[in-house]
There are 2 protein chains.
Amino acid sequence: MSVTFPHGFRAAGVTAGMKPSGRPDLGLLLGNEPRSAAGLFTTNLFAAAPVKLSRRRLGRNLAQAVVVNSGQANAGTGIQGDRDAEASSAAVADALGLDPSVVLMCSTGVIGEPLHLDEYLAALPELVGALSEDGGDAFAEAIMTTDTVAKQASAERGPYRVGGCAKGVGMIDPDLKLATMLAFVTTDAPIPPADIGRLATEVLEPRFESLTVDGCTSTNDTVLLMSSAAAGGELVLPGTPGWGQVAEALDEVAASVLLQLAADAEGATHVILVEVTGAEREGDARVIAKAIADSLLVKTAVFGGDPNPGRILQAIGSSGVQFLPQLVEVSIGNVRVILGGEILTSYFDEGGAEAAKAVLREHDVVLSVSVGGGPGESRALGVDLSHEYVKINSEYTT
Amino acid sequence: MSVTFPHGFRAAGVTAGMKPSGRPDLGLLLGNEPRSAAGLFTTNLFAAAPVKLSRRRLGRNLAQAVVVNSGQANAGTGIQGDRDAEASSAAVADALGLDPSVVLMCSTGVIGEPLHLDEYLAALPELVGALSEDGGDAFAEAIMTTDTVAKQASAERGPYRVGGCAKGVGMIDPDLKLATMLAFVTTDAPIPPADIGRLATEVLEPRFESLTVDGCTSTNDTVLLMSSAAAGGELVLPGTPGWGQVAEALDEVAASVLLQLAADAEGATHVILVEVTGAEREGDARVIAKAIADSLLVKTAVFGGDPNPGRILQAIGSSGVQFLPQLVEVSIGNVRVILGGEILTSYFDEGGAEAAKAVLREHDVVLSVSVGGGPGESRALGVDLSHEYVKINSEYTT
């Protein structure tokens, strides 16, 4: 169900033939009418043509449809790429009888390869014909590239429903900057255009920023939040109980989708949750959490099942953030390995290493770091680095 | 020969038994008298005890000896680590009849494990007895950890000799910030203490900063430059012909040692030289070069022999540096793949991919990037990411 769980949305996914694998590669999500929408986009300077188009069209925070193709990213394609994005989204608007200004688009796939416009356009009648209130699954499947499973979630709070789906297994980095990560979140709560952006930046952005697979920020990263207002009732404004309900449901959906993304990340055998507390500022805590989650040495240590606290200490110390080293504490799961900035001798002498190794035998690994007494805290969600990651990325053309 | 190629230096390396492998693990480099010296040290906040000691003692830019142990990094070891560093260097000073203030020290190996002081001290008589003007090779071997070959180089300009050696195969990042990279450069040129630091920061630092193996900055990185003044003659001062000669010889030795480090990097099957030009500032160019050299997707693409220009474009665009995307040009070897910020269609249509693949069949790969018309240029020296890197780093305790 996912994106069609909230009332007022239909979706579809079909095989247009743009993806060499022959799997579904064109998805469409449609609201009942133009309503509030907000987007979070990549900060990569080579933002793809569909990113530029969607960002521009969301200037008024209104949208009704989003069309997504997988196979070609339509990035690094210059003016022709912009023309292809305009043409394809215009054709979608035409097929739906909408003004093009409320049609958004996303692309994912090989960078630099031109959009397969002929196949794209030829598939539109079938795509529009397949729209359905049960189409969330088909949509979630059509947006996949090398994902092995579709990522979907839904939540309900009071009268409001939230649904979401996402794709992305590599080229993923926090900073929203998510890197060939596409995520679509829908709600039927009646949120005004002037306020929906706050939900995106306050609830979704911190969640999606915490994810890092390989520290590589794609040209196409997009998180779209769309509302249908189909739940009816009073407008959901900041400070109202409804606002809190919607925010909670959004957070639940985002958290679930993120865990699913991490679990399906290329070659991942472990999910690594890094929790940093005690920093001067939240931003400092985020930099440290990311430095640990992105460290090749930490990632390979977790893959190898060897805790290696020295590598965690190394990553913290070279993050660029200033703190007092002698205040640093680190635990692997519930096993304290660093205290007062020193690796505990119990790690080497008294079975500490064995206890920490036991933590790494679990699929989900929590690394807790405190760097002082400050109020700043943040987290990063990462994965280990396995032979499979190297295999996948040395054989696949992005 | 290496560090003993310049006149006025002796060196030795012995097996103290601190390294589980049983290979040589204690090295000593000695000048004929206390002379000018300078150091470049890690910026990791968890700087190892020997780094703190050496940095402090180099305050007057005078040194006569450096002792290096491999096996334990003496980092993350707190106050006991500082005491061990003081005790061991004092013992070395005692054995050599020197004032401790002119004895420097370096350590490399497992972070957090206490220094094996008993074995260290017991080996000193043998170490001092082994000092020889031909001891450069033994010294270079004793400082190795998982290096498969010793890295050594020498150069001569006019009356001056320069020699160098280094170790380090992983946890290496530019920013000097070199990460378990130790390098020792000697010269017999008579350089005053007040000026030797300039040679270190102007000649050695840019070279060593360009190297990145895995973007991980160690707690122990150190580059030491020591002079014996044994060549005699007039003082070598900035602006004199002798200064230029020494700088040239230093640069030649540093460049050679760096290439050797890259070629022996953990699991590396290719050396990747990234050259960036046209940036607003040199610092911008360095950031972009490093972003490309550190990109997991670029590294695995080179390993896989698949050029993937989209991954290079992605890395440039997410480096955080501002530039005009439409001015960006990229070549893989001599094959132009990106022009005007676009991936050339010839890459997909006209055999461009095949030509670029041929470049990746060579061991050394040059990626040339221009981001505009600015004067800023820089380079990064990196390596690919192979199955072997994952294997080594998932099975070795740093």
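Modeller: The axes of helix 6 (residues 193–209) of chain B and helix 7 (residues 241–263) of chain B come within 9 Å and cross at roughly 25°. This is a predicted model, in which local features need pLDDT of at least 70 and side-chain atom pairs count only at pLDDT 80 or more, while totals for chains, interfaces and linings use all residues. Residues are numbered from 1 along each chain as its sequence is written, and chains are lettered from A and ligands numbered from 1 in the order in which they are written.

Biologist: Why are helix 6 of chain B and helix 7 of chain B called roughly parallel?

Modeller: Angles under 35 degrees count as roughly parallel, over 145 as roughly antiparallel, 65 to 115 as roughly perpendicular and the rest as oblique. The axes cross at roughly 25°, and the two helices are therefore roughly parallel to each other.

Biologist: Which residues of helix 6 of chain B and helix 7 of chain B make the contact?

Modeller: Helix 6 of chain B contributes L199(B), V203(B), L204(B), R207(B) and F208(B), and helix 7 of chain B contributes V246(B), A247(B), L250(B), D251(B), A254(B), A255(B) and L258(B). Two residues are in contact if their C-beta atoms, placed from the backbone, lie within 7 Å.

Biologist: What makes N61(A) count as buried?

Modeller: A residue is buried if 20 or more other C-beta atoms lie within 10 Å of its own, exposed if 12 or fewer, and partly exposed in between. N61(A) has 20 C-beta neighbours inside 10 Å, so it counts as buried. N61(A) sits in the loop between helix 1 (49–57) and strand 3 (62–72) of chain A.

Biologist: What about A229(A), buried or exposed?

Modeller: A229(A) has 22 other C-beta atoms within 10 Å and is therefore buried. Its place is the loop between strand 8 (222–227) and helix 7 (241–263) of chain A.

Biologist: What is the phi of N61(A), and what is that of A229(A)?

Modeller: Most residues other than glycine have a negative phi. Phi is near 55° for N61(A) and about 65° for A229(A), a positive value in a residue that is not a glycine.

Biologist: How do you know that the copies are related as by a two-fold rotation axis?

Modeller: A rotation of 180° with 0.0 Å of shift along its axis superposes chain B on chain A, with RMSD 0.0 Å. The two copies are thus related as by a two-fold rotation axis. The superposition is by least squares on the C-alpha atoms of residues with pLDDT of at least 70 in both.

Biologist: Why do the copies meet through the same surface?

Modeller: 100% of the interface residues of chain B are also interface residues in chain A, so the surface is the same.

Key:
Axes are lines fitted to C-alpha atoms, for helices over the stretch in contact, and angles run from 0 to 180 degrees between N-to-C directions. Helices (H or I, at least four residues) and strands (E, at least two) are DSSP runs, numbered from the N terminus.
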